Amino acid sequence: MVNQEEFELKLRFMRILWTNGYFVRHEVPIFNPNYSTEIQDITDIDVFGIKLDYTFSRELTFCECKTGKNISAYEIIFWLSGIKNHFNAHEAYFVKTDLNEEKYIDIAESAGVIPLSLNGLIKLE
């Protein structure tokens, strides 16, 4: 079942990226790259953005959006950091409606992830 509040967060972040020149998609699956006959879905990215400059260099941005109370922010930050590093993405954002950005800023900064609360998202809009 689709969580409407999370879906709206994804759409809002997609709009931010699109306004800044990105091609955007949501719920982008990541597959096992072993090229076997059986495709294995590993995980997905909530919001995926790609922007090409005049030399066709790519800039990737990822975002994970969460609304639930039982979500481990640390777990998501480290997971997103791994995804960002694996794909050599430019930026990775973690948006959570009730996130205390100050609590996670140090660990997120060292992991290369930008934490945003709903108020932080509103500021970007």
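Helix H2 passes helix H3 in a right-handed crossing, a crossing being right-handed if the near helix is turned clockwise from the far one by less than a right angle, and left-handed if anticlockwise. The model before you is predicted, so local features need pLDDT of at least 70 and side-chain atom pairs count only at pLDDT 80 or more, while totals for chains, interfaces and linings use all residues. Residues are numbered from 1 along each chain as its sequence is written, and side-chain values use heavy atoms, with hydrogens and water left out. Helices (H or I, at least four residues) and strands (E, at least two) are DSSP runs, numbered from the N terminus.

Let me stay with this helix pair. The axes of H2 and H3 are 10 Å apart and pack at an angle of about 15 degrees; axes are lines fitted to C-alpha atoms, for helices over the stretch in contact, and angles run from 0 to 180 degrees between N-to-C directions. The two helices are therefore roughly parallel to each other, a label given to angles under 35 degrees, with over 145 counted as roughly antiparallel, 65 to 115 as roughly perpendicular and the rest as oblique. On the H2 side, Ala73, Tyr74, Ile77, Phe78 and Ser81 meet Lys103, Tyr104, Ile107, Ala108 and Ala111 of H3, where contact means heavy atoms within 4.5 Å.

Which residues of H3 are buried? In this helix, residues 101–111, they are Tyr104, Ala108 and Ala111; buried means under 20% relative accessible area, exposed over 50%, and partly exposed in between (1.4 Å probe, protein chains only). They lie on the same side of H3 because they cover an arc of only 45 degrees around the axis, the arc being that of the directions from the helix axis to the C-beta atoms. These buried residues pack against H2 (73–86) and strand E5 (114–116). On the face turned away from them, H3 carries the exposed residues Glu102, Asp106, Glu109 and Ser110. Just after the helix, Gly112 takes a positive phi of about 80 degrees.

That brings me to backbone geometry. Most residues other than glycine have a negative phi. Glu27, in strand E1 (residues 23–31), has a positive phi near 55 degrees. Its relative accessibility is 32%, so Glu27 counts as partly exposed. Phe56, in the loop between E2 and strand E3 (58–66), has a positive phi of about 65 degrees. Phe56 is exposed, with a relative accessible area of 66%.

Asp46 is in strand E2 (residues 41–52) and is buried at 3% relative accessibility. Its side chain reaches the backbone nitrogen of Cys65 at 2.9 Å. Beyond its neighbours within four places in sequence, Asp46 has contacts that include Glu27, Lys10 and Arg25.

Thr61 belongs to strand E3 and, at 0% relative accessibility, counts as buried. The side chain of Thr61 makes a polar contact with that of Tyr22 (3.1 Å); such a contact is a pair of N or O atoms within 3.5 Å, and within protein one must be able to donate a hydrogen and the other to accept it, with residues adjacent in sequence counting only if both atoms are side-chain atoms.

Finally, Thr19 lies in helix H1 (residues 4–19) and is exposed at 58% relative accessibility. Its side chain reaches the backbone oxygen of Arg15 at 2.7 Å.
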